[in-house]
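Trainee: I am new to this structure and would like a close look at one part of it. Please take that part slowly and spell out the terms as you go.

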Amino acid sequence: MRRVAITGMGMLSPIGNSRQAVAAALSGGVSGIRAMPEWAAVGDLKSHVAGLVSPFDPHQIPRTCRRTMGRLSLMAALAARQAVDDGALDPETLTSPNTGVIMGSTMGSVEVLDHFFGQFHAQHGINGLEGTMFMKVMGHTVSANVANLLGTRGQLLGLSSACASSTQAVGLACQMIQHGLGDVIICGGADEVQPTSVAVFDVLGAASRRYNHSPTSTPRPFDLQRDGVVLGEGAAVLILEEMDRARRRGARIHGEVLGYATNCDSSHMTQPGADLIEACMRQALVSAGIQPRDLHYINAHATGTTLGDAAEAAAIRALVGDAVPVSATKGYTGHLQGACGAMEAILCLMMMQDGVLQPTLNLEQVDPQCAGLAHLLKPLACRASLALSSNFAFGGVNASLVLAGG
Amino acid sequence: MADQQIIDKVNAIMIRDFEVAPALLAPEARLKEDLGLDSLDGVDMVVAAEREFAVRIDEEQARSIRTLQELYDCVTRSPPAPGSDANPEGH
């Protein structure tokens, strides 16, 4: 089976819009979460915190590409361009039939959907609706807009599995290259934050509410005082490339996707189950050809919810006990939804390259239900080269990536 | 004949929404060949003009617009949008 190199990375996130900025935030223990007092005007919405991407200039993107982009696609386009530059992909590679794009998002632009329905219902008609609107809200808006900007001509796939979208995008891209169904795949995910996106979690009582006045204290993955998800926005893009090809052209190789697995816990739409999370992790490790205790680091999905963190902790406990360092980088970024899988894969690669595993921000007192793991409470300098990164989503979707780096 | 106010506002839309260089905004400029607008832009241009002038532009007429002058004239001729207070002659 062919090997899969990671030759490019790009990101826009609440903790920075470049690798350098993100690395500085991680090592400085800087949270990307801020208060959203304007959300107090949204009736009954109780969570008023979010992770927002700092201002960027959309005019970096040509108008004819930009006109069909909602905010999530704008962020994805800029992250994709970063990744392509980082990977030094030439025009010939971008236009090759063997180069594809697989991007994930929870849905299309929530901001534009809000606008569409607001206008539609106000007049019960379609007058005044722009022709470019659909391209901003369609299910594969992120993939299509990234491909349009980069000028790719190979396969185009849009993946949508909420919080596992980009994990599945990277995993599928890996499998396709492994099996010869592509040589280079630009993959990742993006999502934006609007009050209506937070409402999804708020109505379920799964959004953080107690830290509206101390936003950097939340989310609190695995902590006894955790109270839910803090939504974030962003985009993260990886260039996956067949290893021999990458070596032949002298590409800088950030790491390798060794394995991937995904499964579905169909017993409940929203309640995570430890057994199938563990099964997914084990299956990913089998596909990578390594044993659980070979791992040097586990990046947990851990969004800061009561049930989700406990279930994941139980799965990791069963998998490796306290033998492998574990942290959840959502403490820094918040939950980037459809972008979190790709972003966390990038963070794993960065930490392995930098030789320092970063702790879970805001984890001060480990919840007994989440105990028995080697939780990172402070930075750990070490030579780590094998990481497991998992994400879970509504619909019972579990997805795990095994990454090599360092 | 379109009045100067309409010309100025249409030109402002061209600059703001379609990022056309002001120097290109001659009445005889062709929307596609000279200003770089395509079919997708054409739809949004009509929406922007309807919103700006509170008029309703006929689809057939919109499709026949080739130059900026034809766009100015089309806006001038178009009836007010239902429910708007616009005066079709005076705009």
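In chain B, where is confidence lowest and where is it highest?

Mentor: This is a predicted model, in which local features need pLDDT of at least 70 and side-chain atom pairs count only at pLDDT 80 or more, while totals for chains, interfaces and linings use all residues. Residues are numbered from 1 along each chain as its sequence is written, and chains are lettered from A and ligands numbered from 1 in the order in which they are written.

In chain B, the lowest confidence is in helix 3 (residues 59–64), with a mean of 91, and the highest is in helix 1 (residues 4–18), at 96. These values are pLDDT, the predictor's confidence in each residue, from 0 to 100. Helices (H or I, at least four residues) and strands (E, at least two) are DSSP runs, numbered from the N terminus. Over chain B the average pLDDT is 90, and 91% of the residues score at least 70. For the model, ipTM is 0.83 and pTM is 0.95.

Chain B also touches chain A, with 7 residues from chain B and 5 residues from chain A in the contact. Two residues are in contact if their C-beta atoms, placed from the backbone, lie within 7 Å. On the chain A side, the residues divide into 3 polar, 2 charged and no nonpolar. Here Ala, Val, Leu, Ile, Met, Phe, Trp, Tyr, Cys and Pro count as nonpolar, Asp, Glu, Lys and Arg as charged, and the others, Gly among them, as polar.

Chain A has some backbone details to look at as well. Asp44(A) is not a glycine, yet has a positive phi of about 70 degrees. Asp44(A) sits in the loop between strand 2 (33–35) and strand 3 (49–51) of chain A. With 7 other C-beta atoms within 10 Å, Asp44(A) is exposed. Gln337(A), also not a glycine, has a positive phi of about 55 degrees, and is found in the loop between helix 13 (330–333) and helix 14 of chain A. Gln337(A) is buried, with 33 other C-beta atoms within 10 Å. A residue is buried if 20 or more other C-beta atoms lie within 10 Å of its own, exposed if 12 or fewer, and partly exposed in between, with C-beta atoms placed from the backbone.

Finally, the peptide bond from Thr218(A) to Pro219(A) is cis, with omega near 0 degrees. Pro219(A) belongs to the loop between helix 9 (195–202) and strand 7 (234–242) of chain A. Most residues other than glycine have a negative phi, and most peptide bonds are trans.
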